[in-house]
Amino acid sequence: MVIREEILHSVGAITRHYQPSEIIFNEGDIPKYYYQIASGEAKLNNYTDDGKEIIQTLLEEGQSIGESLLFLDKVYPISAVAITKCSVLRLPKSIFLDLIKLYPEISFNMNKTISQKLYFKLIMSQNLSSQNPMAKLKVLMDYLKSFQKEQSPYSFRIPLTRQQMASLTGLCVETAIRTIKMMERDKIVKIIDRKILY
Amino acid sequence: MNIEPDILYSYGGEIKLYKQHDVIYREGDHATFYYQIVKGKIKLNSYNEEGKEFIHNIIGEKQSFGDAMIFVEKFYVMNAICLSDTEIIKLPKNRFIELLKNNPEISLEMNACLSQRLYFKAIMLQSMSSQNPIVRLEGLLNYLKSYHEGDCAHSFPVELTRQQIANLTGLRVETVIRTLKKMEHQGKLKIKERKILY
């Protein structure tokens, strides 16, 4: 959790509820609030010129949404969309900026949070140079698995749909499906009831 | 990030001299220091499966590098290698964290600095999915420029060769050369003795 919920409540954060695929903020909006997910999952996305969805980040309970924009004088370069039903704590930007001055440990956590997101981007940008869909999917799977204690083969169930994996790596969903089958044949993954074990 | 050298020294920061081609850290190493350049230049690079080099960035005086990894319990994903004889202030990770905790204003500055990097990295990743080579090149150039202080037009000299730019954007080198000329015509950049000023 980036900021303890009691602290957020005590300075006037309100809880907002979103339905699946409801928009939390839009690309091009001016950042006015700090958002933190109390329950549910959300994604940051945008679309290519030809309408393909690019998922930039997947977010879950306890994570903040688009917080880095509160430190910059820019509009959101991405939209935030609920994946499941979501409860989100919302705090006006000015109060958030006072809060991190008041609590240095929140500023420290913020450095951690932003660094983690930066790390993910660094990993994913290795994919830019690769034309090989298997290499791209493997980079994503290695990243996701790196947070698990258990590292033996096939011990980790990929918590994403094939569509989400495609949108995170810039592949077409058909290519992702075909490539995952190839990875099964090459014994890189196991597939049980459509679930991918890596 | 640029922290007053005196503050770094007071927390145990030490100057270290590196020769050209010296490796400061390697991909796969643990982050154990904060690094800030006093004099000289370094590159952050990695190699793909075929052994082709990718330069992700070139960092110069008064700039830090690898600092996001201090906050993330992960290994470096790139190598840091000196391009010239280089003077660097090294501060052990735990002392750096102490410094941030005792100097909340530096921690806040770090929030803004990491946010900016994340922003431009996201924009860069997004622009790489475009079919338009100008969009791709602008994405890369804005990202590289964001590491440098001051943002007056045409002031930032791009240290990458055309081939390196091609590798980073997934374009062919001929396309890079043609597109850079087009951008020069549009007044988006200047080219002086083959050097790109953005």
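The model is predicted: local features need pLDDT of at least 70, side-chain atom pairs count only at pLDDT 80 or more, and totals for chains, interfaces and linings use all residues. Residues are numbered from 1 along each chain as its sequence is written, while chains are lettered from A and ligands numbered from 1 in the order in which they are written.

**Chain B overall**

- Chain B has seven helices and 11 strands. Helices (H or I, at least four residues) and strands (E, at least two) are DSSP runs, numbered from the N terminus.
- The radius of gyration of chain B is 18 Å, close to the 16 Å that the globule rule gives for 198 residues, so chain B is as compact as a globular protein of that length. This radius is taken over C-alpha atoms, and the globule rule is 2.2 Å times the number of residues to the power 0.38.
- Along the principal axes, the C-alpha atoms of chain B fill a box of roughly 50 × 35 × 30 Å.
- Of the 198 residues of chain B, 37% count as buried. A residue is buried if 20 or more other C-beta atoms lie within 10 Å of its own, exposed if 12 or fewer, and partly exposed in between, with C-beta atoms placed from the backbone.
- In chain B, 68% of the contacts with a separation of 6 or more are between residues 24 or more positions apart. Two residues are in contact if their C-beta atoms, placed from the backbone, lie within 7 Å.

**Where the chains meet**

- The contact takes 36 residues from chain A and 33 residues from chain B.
- On the side of chain B that touches chain A, helix H2 (68-71), helix H3 (93-102) and helix H4 (104-127) of chain B each supply at least two residues.
- H4(B) gives the most to that side, with 17 residues.
- By class, the side of chain B that touches chain A has 17 nonpolar, 12 polar and four charged residues. Ala, Val, Leu, Ile, Met, Phe, Trp, Tyr, Cys and Pro count as nonpolar, Asp, Glu, Lys and Arg as charged, and the others, Gly among them, as polar.
- B:Asn111 lies in helix H4 of chain B. B:Asn111 is buried, with 24 other C-beta atoms within 10 Å.
- Among the residues that B:Asn111 touches are A:Phe71, A:Ser107 and A:Asn111.

**Nonpolar cores**

- In the largest nonpolar core, of 86 residues, A:Ile24, A:Ala42 and B:Leu140 touch the most other members. Such a core is a set of buried Ala, Val, Leu, Ile, Met, Phe, Trp, Tyr and Cys residues joined through C-beta atoms within 7 Å.
- A:Ala42 touches residues including A:Ile24, A:Leu59, A:Ala80 and A:Cys86.
- A second, separate core of 14 residues includes A:Met165, A:Leu168, A:Leu171 and A:Ile180.

**Helix H6 of chain B**

- The buried residues of helix H6 (residues 162-169) of chain B are B:Gln164, B:Ile165, B:Asn167, B:Leu168 and B:Thr169.
- Their cover includes S5, helix H5 (133-145) and helix H7 (173-185) of chain B.
- B:Gly170 follows H6(B) and has a positive phi, near 70°.

**Sheets**

- In chain A, four strands form an open antiparallel sheet in the order S2-S7-S4-S5. Two strands pair if DSSP finds at least two bridges between them.
- Strand S2 (23-25) and strand S5 (53-59) of chain A are the edge strands, each pairing on one side only.
- In S7(A), A:Val81 is the bridge partner of A:Ile23.
- In chain B, strand S2 (residues 23-25) and strand S7 (residues 79-82) run antiparallel, joined by two bridges. B:Val23 stands opposite B:Ile81.
- Strand S4 (residues 42-47) of chain B also runs antiparallel to S7(B), with four bridges. There, B:Leu44 has B:Ala80 as its bridge partner.

**Positive phi outside glycine**

- A:Arg194, not a glycine, has a positive phi near 70°. A:Arg194 is in the loop between strand S9 (190-192) and strand S10 (195-197) of chain A. With 8 C-beta neighbours inside 10 Å, A:Arg194 counts as exposed.
- B:Lys62 also has a positive phi, of about 65°, without being a glycine. B:Lys62 is partly exposed, with 15 other C-beta atoms within 10 Å.

Methods
Lists of a residue's contacts leave out its neighbours within four places in sequence.
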